[in-house]
Amino acid sequence: MAPTIPVSRQVSYSLKDGDSFLVCDALGDIHGGGEADGLFHDGTRVLSRLRLSLDGTTPALLSAAIAQDKVVFSAHLTNRPLPPIGDSPSAQGVIHIERSRFLWEGRLHERIVCTNYARAPVFLPLVLEFGADFRDMFEVRGMERPRRGSYPQAETAGDRVVLRYDGLDGVARRTVVAFSTVPTRLDGATARFERWLAPREAFALYLEIGADVACPGGERHRRAMVQARRALRARRRSGARLRGGGLLFDAWVERSRTDIALLASDLPSGRYPYAGIPWFSTPFGRDAIITALQTLWLDPGLARGVLAYLAERQAEETSSFRDSAPGKILHETRKGEMAALGEVPFGLYYGGVDTTPLFVVLAGRHFRRTGDRAFLDALWPALERATGWIERSCDADPDGLLAYARGQESGLANQGWKDSDDSVFHEDGTLAEGPIALVEVQGYAFEAFHAMAELARARGDAGAAARWHARALRLRQTVEARFWDEALDFYALARDGAGRMCRVLASNPGHLLFVGLPAPERAARVIAQLGQPRFDNGWGIRTVAADQPRYNPMSYHNGSVWPHDVALCAAGMARYGARRQATRLLGEVFEAATHFGMRLPELFCGFPRGAGEPPIAYPVACLPQAWSAGSVFMLLQACLGLEIDACRGEVEIVQPQLPPGVDRLFVERLDVGGARVDLMFERVGDRVLAARAGGAEDVRVTVRH
């Protein structure tokens, strides 16, 4: 869903740990109100204001950054002229203020160090303003509520303040702001610390903000920081390693790997990548599955965690409010007050038509990647239920297609990945009415049936395998007959509830290439269309071609560029042998990443690339976003032509390519059925050669140049 929150007035910085995340400005301040910043936990903004000043005067910013490991935010500030204390004001730029903070186990840990670099003593009037509005994430995003809970009076006790909110859901929420030093003055919204600092003297203040009382201090701060960094490093180390692509390319790879590790939470079922900060820092089905598909060749452990989590939350009942039906896979889950009260359906919401077939697709690819029969057997009942829902839905459709229509007005109007209200339309610009059958969703269902056939065969059930294989072929025939439009030289975007085709040029058919549904000659025509300037703006593929109705390069889904969408299209091109086209797209997205500080946002605007100009940012895009971070890995796999079949103990490399500017790349510690192998790719003249560089000899590496 496109966020409607107003744009923050400053560049934001974000941290995440588990079910907590923080967004602040470059000064380290949180403004709250209509801004999108704050400290959030379980879908609630538990800190909506945190502002540092020197007696009401905002310090000047020197620099701000998040450390390379993405754990610690730091801001360096200095004073403007300090107010006079019986004399003339102090000079500007004599006090250095360093703020450093991180999140760990649901708490914000912060250290503030003020150092006097003047040649005379300086009076320091350090003021911290704080507050907690306890607003639900959907309120922060702009939804209005007829009433809210109550706010008991704040409690102050020496070195701490307790802020409270009694929700309408019966939950008593609280935020404790605790200081390492007793403030000179303290009330329910402000803490003031007054110190005379001698030349070169420093004053260090530690604070912790969380639901429980704490005693902050230097040793406790350092110990928690070590634990936070160790936990993120452990998640980053999972899977194979990539190196040797050059400084910029390696930086992009490492930044992307770190972002995925940052967004991943260690749940009882395994690691699970939350979708993105700030709007989607929660488990989403579709986003996590696609992120797992992007990284599957390097790190199948992430896919295992995603599959296990989603299987545990598979729908068991029919609910029009939650758009659920037995066998469906979760679209998203939320923990805030509004979800608990049923003011929004997203506590456990199943309104994603593509999540269920993608779940089956991921399971099939995970088994081929790992050969893990025990995990397949444990997952099998959930796979049968998911496939049963797909079959029943297709059987109920007049064309045998997988379609959607929301149960109630509170649900999502559009339930594919382009879920804006205006993202599915006809050639005259009128919006499509449901039930809507999206073209790419039929592709996902096609591969889901194929995957079930392969998995059933592996389990020794030839009858079920034959039935699902036949079903996949019937669906392919239907898609080719109903969606291909000779006049468009392309597949239609969707079929509406009246049986009319949405004759619109959109990126969705690129996903058909990803699953291998189109006949080769039609695939070649789709690839050619996607390479035209009306689609390819020089930074990637637009979601809607530039000459189509409702095209708007500044829209959420109707003309913008989404890195994950580009990656899926590129992977599809490579599947049909168009590896050079996929490599060109990798180069375009790589160049876009260099302009975004090596961190691809959720999306960016679809304006044509101008000479010497950067890509144009979409102002409220999530950053980081899991499937944007994962895009580099799917793009790279497409270029390398690398496939892994652990059931056969084989790595196959077909006509490998390297991105522009990268002449050598190493893939190290690639796990194949429990054995590890190292690979090397090197540009020699106009060819890219691939070979085994070490590792287990029982892994067969086949290269076809």
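Q: Is Phe 193 buried or exposed?
A: In this predicted model, local features need pLDDT of at least 70, side-chain atom pairs count only at pLDDT 80 or more, and totals for chains, interfaces and linings use all residues. Residues are numbered from 1 along each chain as its sequence is written, and side-chain values use heavy atoms, with hydrogens and water left out. A residue is termed buried under 20% relative accessible area, exposed over 50% and partly exposed in between, for a 1.4 Å probe and protein chains only. Phe 193 has a relative accessible area of 0%, so Phe 193 is buried.

Q: How many aromatic pairs does a search of the whole structure find?
A: Rings of Phe, Tyr and Trp (its six-membered ring) pair if their centres lie within 6.5 Å; planes under 30 degrees apart count as stacked, over 60 as edge-to-face and the rest as tilted. Under this criterion, the number of aromatic pairs in the whole structure is 24.

Q: Do the rings of Tyr 13 and Phe 73 form a pair that is stacked or tilted?
A: The ring centres of Tyr 13 and Phe 73 are 5.4 Å apart. Their planes stand at 55 degrees, so the pair is tilted.

Q: How many residues apart in sequence are the parts that Tyr 13 and Phe 73 tie together?
A: Both Tyr 13 and Phe 73 are buried. Strands are DSSP runs of E with at least two residues, helices are runs of H or I with at least four, and both are numbered from the N terminus. Tyr 13 belongs to strand β1 (residues 12–17) and Phe 73 to strand β7 (residues 73–78), so the separation in sequence is 60 residues.

Q: Which strands hold Phe 179 and Phe 193?
A: The ring centres of Phe 179 and Phe 193 lie 5.4 Å apart with planes at 65 degrees, so the pair is edge-to-face. Phe 179 counts as buried at 1% relative accessibility. The two residues are 14 apart in the chain and lie, respectively, in strands β14 and β16.

Q: What is the bridge partner of Phe 123 in β16?
A: Two strands are taken to pair if DSSP finds at least two bridges between them. Strand β10 (residues 122–131) and strand β16 (residues 190–197) are antiparallel and share eight bridges. Within an open four-stranded sheet of order β5-β10-β16-β15, the β16 partner of Phe 123 is Trp 196.

Q: Which are the edge strands of the open sheet of eight strands?
A: The order of this antiparallel sheet is β6-β7-β8-β9-β17-β14-β13-β12. The strands that pair on one side only are β6 (60–66) and β12 (155–156).

Q: What is the bridge partner of Val 176 in β17?
A: Strand β14 (residues 172–179) and strand β17 (residues 202–210) run antiparallel and are joined by four bridges. The β17 residue bridged to Val 176 is Gly 210.

Q: At about what angle to β8 does helix α2 run?
A: Axes are lines fitted to C-alpha atoms, for helices over the stretch in contact (heavy atoms within 4.5 Å), and angles run from 0 to 180 degrees between N-to-C directions. Helix α2 (residues 218–236) lies across β8 (95–104), β9 (107–116) and β17. Its angle to β8 is about 55 degrees.

Q: Is Arg 101 buried or exposed?
A: Arg 101 is found in strand β8. Beyond four places in sequence, Arg 101 touches residues including Leu 15, Cys 24, Phe 73 and Glu 110. Its relative accessibility is 0%, so Arg 101 counts as buried.

Q: How many of the 20 residues of α9 are buried?
A: Helix α9 (residues 439–458) reaches 29 Å from first to last C-alpha, close to the expected 28 Å, which is 1.5 Å times one less than its number of residues. The helix is largely enclosed by the rest of the structure, because the number of buried residues is 16.

Q: Which element gives the most to the largest nonpolar core?
A: A nonpolar core is a set of buried Ala, Val, Leu, Ile, Met, Phe, Trp, Tyr and Cys residues joined through side-chain atoms within 4.5 Å. The largest has 172 residues, and those touching the most other members include Trp 252, Phe 359 and Val 651. With 12 residues, the element that gives the most is α9.
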